[in-house]
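Me: Here is a model that I would like to go through term by term. For each label, please give the value and the cut-off behind it.

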Amino acid sequence: MTDFFQFEADFVDSLRCIPMQVRCKLDTCGIKLKLPDWNQMTTAERQALAELPCTTETEIQSYREHIQQLILQRTGIPAKKLPIEPHPAWLDSANVPPSVQEKAQEIGVTLTQQKWSALTPLQRFALIKLSQPGHENKNFPRAIAEFHLL
């Protein structure tokens, strides 16, 4: 199943940017994928990365091997590995990460634990990524609106 967010609508048709669902899978399996490497892949390969499951240990291992092989094929350079968070914040429905809370407050939104827990893990992942320093944060308010958090 492919779930794209409305705030990603300007690039999902061409998949010219890495969508949140793929970014979440990359964090889950511990692989760093650079945008130039993503753009060397065919549209079908990018679509497959969005569609492939990456939830169970077997799926995560399979996804990791697939993306490593794909990156090596396209770039000639092995994929950079990232540490895998044993307890990712997006799976913790009980605690709103400080970066998300602060970013929400900057735009006048109070994000309660109840609202946070009502979000899907992928929605929580998106808010965490969009609230990080150095990230282009223009989509954070769009995500807040899309997730009905206003």
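**Salt bridges, exposure and helix packing**

Me: How many salt bridges are there by the rule used here?

Reply: The count comes to 3 salt bridges. The rule asks for a side-chain nitrogen of Lys or Arg within 4 Å of a carboxyl oxygen of Asp or Glu. The model is predicted, so local features need pLDDT of at least 70 and side-chain atom pairs pLDDT 80 or more, while totals for chains, interfaces and linings use all residues. Residues are numbered from 1 along each chain as its sequence is written, and side-chain values use heavy atoms, with hydrogens and water left out.

Me: What makes Asp 27 and Lys 129 a salt bridge?

Reply: Their side chains meet at 2.8 Å, N to O, and the limit is 4 Å. Asp 27 is in helix α2 (residues 20-29) and Lys 129 in helix α8, so this pair ties together parts that are 102 residues apart in sequence. Helices here are DSSP runs of H or I with at least four residues, numbered from the N terminus.

Me: Why is Lys 129 called buried?

Reply: Lys 129 has a relative accessibility of 13%. Buried means under 20% relative accessible area, exposed over 50% and partly exposed in between, with a 1.4 Å probe and protein chains only. At 13%, Lys 129 therefore counts as buried.

Me: How do you know that Glu 45 and Arg 74 form a salt bridge, and which helices hold them?

Reply: The N to O distance between the side chains of Glu 45 and Arg 74 is 2.7 Å. Glu 45 belongs to helix α4 (residues 43-51) and Arg 74 to helix α5 (residues 57-75), 29 residues apart, and the pair links distant parts of the chain. Glu 45, at 17% relative accessible area, is buried, whereas Arg 74, at 31%, is partly exposed.

Me: Where do Glu 106 and Lys 103 lie?

Reply: Both are in helix α6 (residues 98-106), 3 residues apart, or about one turn of the helix. Glu 106 is exposed at 59%, but Lys 103 is buried at 16%.

Me: Why are α2 and α4 called roughly perpendicular?

Reply: They pack at an angle of about 70 degrees, with axes 8 Å apart. That makes α2 roughly perpendicular to α4, the range for this label being 65 to 115 degrees (under 35 is roughly parallel, over 145 roughly antiparallel, the rest oblique). Axes are lines fitted to C-alpha atoms over the stretch in contact, and angles run from 0 to 180 degrees between N-to-C directions.

Me: Which residues of α2 and α4 meet?

Reply: Gln 21, Val 22 and Lys 25 in α2 meet Leu 49, Ala 50 and Glu 51 in α4, contact being heavy atoms within 4.5 Å.

Me: What makes α2 and α5 roughly perpendicular?

Reply: Their angle is about 105 degrees and their axes are 9 Å apart. The two helices are therefore roughly perpendicular to each other. Among the residues that meet are Leu 26 and Cys 29 in α2 and Ile 60 and Tyr 63 in α5.

Me: Is Lys 138 buried, partly exposed or exposed?

Reply: Lys 138 has 43% relative accessibility and so counts as partly exposed. Lys 138 sits in the loop between α8 (121-130) and α9 (139-146).
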